[in-house]
Amino acid sequence: MRCPSFQPAETSVENALEIEIITTTQKLEQLKPEWERLRKLHNAPTIFLDHAYVMAWWSSFGSEATQYTFVVRRSGTVVAIFPFMKTRWTVSGVPIRRVSFIINAHVLRSDALVADDAGVCIAAVLRHLRRDRWSWDIFDLENIPENSVLYPLLMQAAQQNGFAADEWRRARTHRLLPVVGTWDEYLRGRSGNFRWQIKKFRKRLEAHGNPEVERIYSRAAMLAFLPQLFELEKRSWQGQGSHSSMGDADLKFCELLFSDMPEDRLGEFWAMRINGRLVAAITLLRLERVLYVFTTYYDPDLASASPGTLLYFEMLKSAWERGEKAVDFNGDSAAFQRWTSEGINHFRLRIYSRNWFGRALYCARNHFGFRAPAVIDNAA
């Protein structure tokens, strides 16, 4: 069985663009003014494209990957930034070199900053990857939002540049709750069973003591609260067992994030205590009046009273009162589905290098059912 041959196409418009590859944190820091300018021009920015967020990520998890950020310029002006990285998979002892957006448990959606001419910028990036084909095997793009400029253009650019690629595959859905109307109107739109559950959980929780809810939103107060948050994480279901979700790198990431994030994107903590004991906490980041759920922890000893649900109730009520635009739950669990049926779909695309190994991987996947692993074993 023969795999297809792919012939590239080139345009003079793409040749007018210049591409710089950033491989150090120092150079990435120097890119901040252009990064911020592009972020303001971006049609659908998320907190994960914030410069401070990306810098905190590289400072904390840089040992797990090699930086490979593409900066696209036209006549010296930055018109697009693609925050890529290189990592290595190992399958049966065989290494596979992967190019992707930065991604781990703290980055659950991916995108690029593109000011204009998105199709031309994307094609220029793929042309560079075509020339650099011996340094990578798979270009793996996970969780691209359906409203990203990349979604309708990447496949076309891949075909024009002679790449073999899988079809777009459905990835994560992130529940989104628009803050419209009044809080009372929102509650009236929920089911009778929903309202009954809230009353049931509240009664069960009050049987343990007097619940107190606190919104923590100043930088100093948030940094002071972090040790309590980490302690709750250890008691939560995420932190139980032999492997805690919060290792040293994760803790460093959180500390950097809440130290360096600009004030208008700092977000807030919500905490619930019973008799002074912290039993639930929500971490939120904020961008352009959209609250992004970052973490949710609760004491499993109070699971039957669902303190997390009641804390979300108070947080969402406050979002309505303060005139926020929306709450992005950053996931699709049953706990999030109870609040909203709306969501943002995300998709995944895998493009294969034009080197012999990339072609072999494409054939193995599409003709023999090979599946590459979903976990990065070590850095490239």
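A contact here means heavy atoms within 4.5 Å, and among contacts in the chain between residues at least 6 apart in sequence, 77% join residues at least 24 apart. The model is a predicted one, in which local features need pLDDT of at least 70 and side-chain atom pairs count only at pLDDT 80 or more, while totals for chains, interfaces and linings use all residues. Residues are numbered from 1 along each chain as its sequence is written, and side-chain values use heavy atoms, with hydrogens and water left out.

The chain holds 13 helices and 17 strands, where helices (H or I, at least four residues) and strands (E, at least two) are DSSP runs numbered from the N terminus. Its C-alpha atoms fill a box of roughly 70 × 45 × 40 Å along the principal axes. Of the 380 residues in the chain, 53% are buried, a term that stands for under 20% relative accessible area, with exposed meaning over 50% and partly exposed in between (1.4 Å probe, protein chains only).

Most residues other than glycine have a negative phi. In N143, however, phi is positive, near 55°, and the residue sits in strand β8, which covers residues 138-145; N143 counts as buried because its relative accessibility is 7%. Phi of N275 is also a positive value near 55°, and N275 is placed in the loop between β12 (268-274) and β13 (277-287). With a relative accessible area of 63%, N275 is therefore exposed.
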